[in-house]
Amino acid sequence: MAFAMACGGVVAALAASPAEKPVPRLLQGGVAADPGAPGGRRSLPADTAPTPPDAAETEWLAAGWVPGGDAYRGMAERALLDLRLLTSLDGTVAAAWHPVWDYMWPRDAAWVAAAYSATGHGDNALTVLRRLAALQNPQGTWEARYRLDGGHVGDGRDAQLDGNGWVPWAVWFWYSHQDPADPATAAALDELWPAVAKAADRAAAALRGNGLPPAGPDYWETRTDQVTLGTAAPLLAGLRGAAALAAARGDRTAAERWSHAARRLDEAIRTEFGPYGYPRTADAGSGADTAVTWLGPPFAAPSADVAAAVRGAESELTLANGGILPGGDWGGRKDVAWTPETASFALFDAASGRREAADQRLAWLDRHRTARGSLPEKVDPDGRPASVAPLAWTAAAVVLALTAQETPLPVPPP
């Protein structure tokens, strides 16, 4: 059996030549609460009809707010409820509720915490962030993924450095939505601070002489001997977020230390990746990468060169079915769209004020939901939802993009 690793899961496909790998069929149409099922959830068939929120779900939604307006409220509501169902009481976030995906990826969980924060569910965000802090390795890193009980998967993967960017950024994003004068906010930040500090120090120490981090796997989850934009971009957001948090706590020494590291990394990204249009690696032939969207809003202040690179990547990576491919050098099927990547472009456009462009991507995502209304991981060449649904990363990215269409999202200061 052949395995393709990427974007929140390890997708099993029947043995076939690389050009003939079948598209994974839709494994789930959604998840629903079921106290009698393992973990309190059960899978639903792809053709399960949508159901209105129950009393508890309605109360939870009302405790925050649902973005999307008239056009996309249904997608936002279902995405938020799916995130709630994928999040355990202890803050563990399952990438998807299926045996192949029922692991917690730090990246996915960080985006989920951000989506909770942006929609007024700060307590849920804090629970996820506390779980992430508890899972941090003593060296200040995170594993590529964890079992839902917090144990290591034991699949031979190294710790993945992009988590050192995603987690501090998510903590900063949560803090930006709280009242800094509230003692509860200060107490919660104090609780999370050791994890943020260890992560930022580890990220800063990892920068090499040229200002870039070492080579290592990123969200593609494939081995590489070159540093990728998928690692460098989230580290930049995380260092900036950590520096802003340090400043808020009055720790000027830490703030300057991490700001200095962020400036080094920013300059290195511009010097090494910028001349080629910010491709996957610092090599003109490495192809576009969705990670270019993480160099702009809401992860970084807007810049003309990044915006131009995003437009170039969008042109290169948009498929005939209307969705987005992870990258130009993607090793999987090149006619199957990935929804986290599509939603990343929507988020960039929405946070950059390009409402019409964001709307086009969001409309495509809305049209390609399952019968139950959940967002799948992939969309096949014929426009059918494929692989697994719901996917936490996609749901979180869509919620953030819909929020950004209505209100500015915070951006880490440079």
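**Ground rules.** I worked with a predicted model, where local features need pLDDT of at least 70, side-chain atom pairs count only at pLDDT 80 or more, and totals for chains, interfaces and linings use all residues. Residues are numbered from 1 along each chain as its sequence is written, and side-chain values use heavy atoms, with hydrogens and water left out.

**Overall build.** I noted that the C-alpha trace spans about 55 × 50 × 45 Å along its principal axes.

Buried residues are 58% of the 414 (buried is under 20% relative accessible area, exposed over 50%, partly exposed in between, with a 1.4 Å probe and protein chains only). Among contacts (heavy atoms within 4.5 Å) with a separation of 6 or more, 67% join residues 24 or more positions apart.

**Salt bridges.** I got 26 of them in the structure, each a side-chain nitrogen of Lys or Arg within 4 Å of a carboxyl oxygen of Asp or Glu.

- Arg78 and Asp82 form a salt bridge at 3.0 Å, N to O. Both residues are buried. They sit four residues apart in helix 2 (residues 69–86), which means a separation of about one helical turn.
- Arg270 and Asp305 pair at 3.3 Å, N to O. Arg270 is in helix 8 (residues 252–272) and Asp305 in helix 9 (residues 304–317), so this bridge ties together parts 35 residues apart in sequence. I have Arg270 as partly exposed at 34% relative accessibility, and Asp305 as partly exposed at 35%.
- Asp380 and Arg384 meet in a salt bridge at 2.7 Å, N to O. Asp380 is buried, with a relative accessible area of 5%, whereas Arg384 is partly exposed at 49%.

I also recorded a network: Arg311, Glu314, Asp349, Arg354 and Arg361 are joined into one by salt bridges that share partners.

Key: Helix = DSSP H or I, 4+ residues; strand = E, 2+ residues; numbered from the N terminus.
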